[in-house]
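Let's take a friendly walk through a protein fold, one piece at a time. Keep the picture beside you as you read.

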Amino acid sequence: MILPVVDDVDTAPFWTAARAGRLVVQRCTACSRWRFPPAVRCSGCRSDEFEWTAVSGAATVWSFVIAHGPTLPGYAEETPFPVAVVELAEGSHLRMVGNVLPAADARLGSLTAEDIAIGDPVRVAFREIGPNVVMPVWIPDAGRDADAALPTRKNEGDDAIV
Ligand SMILES: [Zn+2]
């Protein structure tokens, strides 16, 4: 299995937080824009200042695919499995890619296309995928109203809100 580099100077705080069960994202201290994936400069105001800021872990499925073979050898036995783009509750431009699972330790292929829909509420969980490597994954959160968790969605296109 290919593992992410967790001690890279630009991304280490993300992986350190994930090992502690926290999801953090860079946030520009000049204009408050969220930055993900981590970047040297803000795409909104070009500032290089930021803070690693905890987010709620609430999200909705923005899109997803079912990954079939051929895949990398480390994943071959778990195909097919869903891979989603989720939109975090903190902002309509703040999206992450990850697996959708019924539980953090479930088999990658536990859910099928029939189990997932665009707009479904999900919440973050943390899955140990290697020595000292913990990956955020997404768990269906049927008890939460996705629209209530995404107030910015109602104002899509309103730059003053996002
Ligand atoms: Zn900025």
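## A hairpin and its partners

Strand 5 is linked to strand 6 by a hairpin of six residues. This is a predicted model, and in it strand 6 covers residues 95-99. The two strands pair in the antiparallel sense, with five bridges between them. You can pick out facing residues for yourself: A84 is opposite G98 in strand 6, and V83 is opposite N99 in strand 6.

Strand 5 also pairs with strand 4 (residues 58-67). These strands run antiparallel too, and eight bridges join them. One place to look is T60, whose bridge partner in strand 5 is E87.

Five strands make up an open sheet in the order 6-5-4-7-8, with antiparallel pairing. Strand 6 and strand 8 are at the edges, and each has a single partner strand, so one side of each has no neighbour in the sheet. From one strand to the next, the twist averages 35°.

## The nonpolar core

Which residues have the most contacts inside the largest nonpolar core? They are A59, A84, V86, L88, V100, V122 and W138, in a core of 21 residues. Strand 4, strand 5, strand 7 (121-130) and strand 8 (133-140) each supply at least two residues of this core. Strand 4 gives the most, with four residues.

Setting aside neighbours within four places in sequence, A59 is in contact with V86, E87, L88, A89, V122 and W138.

## Helix 1 and its covered face

Helix 1 spans residues 12-19, and its buried residues are F14, W15 and A18. Viewed down the axis of helix 1, these buried residues fall within an arc of 90°, so they line one face of the helix.

What covers the buried residues of helix 1? The cover includes strand 1 (24-28), strand 7 and strand 8. After helix 1 comes G21, which has a positive phi, near 75°.

## A buried residue in a loop

D120 lies in the loop between strand 6 and strand 7. Why does D120 count as buried? It has 20 other C-beta atoms within 10 Å, and a residue is buried if 20 or more lie within that distance.

D120 also shows how the chain folds back on itself in space: D120 and D141 are 21 residues apart in sequence, and their C-alpha atoms are 7.8 Å apart.

## The whole protein

Altogether, the protein has two helices and eight strands. Reading from the N terminus, the elements run α-β-β-β-β-β-β-β-β-α. Of the 162 residues in the protein, 27% are buried.

Finally, look at contacts between residues at least 6 apart in sequence: 51% of them join residues at least 24 apart.

How values were computed: Residues are numbered from 1 along each chain as its sequence is written. This is a predicted model: local features need pLDDT of at least 70, side-chain atom pairs count only at pLDDT 80 or more; totals for chains, interfaces and linings use all residues. Two strands pair if DSSP finds at least two bridges between them. A nonpolar core is a set of buried Ala, Val, Leu, Ile, Met, Phe, Trp, Tyr and Cys residues joined through C-beta atoms within 7 Å. A residue is buried if 20 or more other C-beta atoms lie within 10 Å of its own, exposed if 12 or fewer, and partly exposed in between; C-beta atoms are placed from the backbone. Two residues are in contact if their C-beta atoms, placed from the backbone, lie within 7 Å. Axes are lines fitted to C-alpha atoms, for helices over the stretch in contact, and angles run from 0 to 180 degrees between N-to-C directions. The arc is that of the directions from the helix axis to the C-beta atoms.
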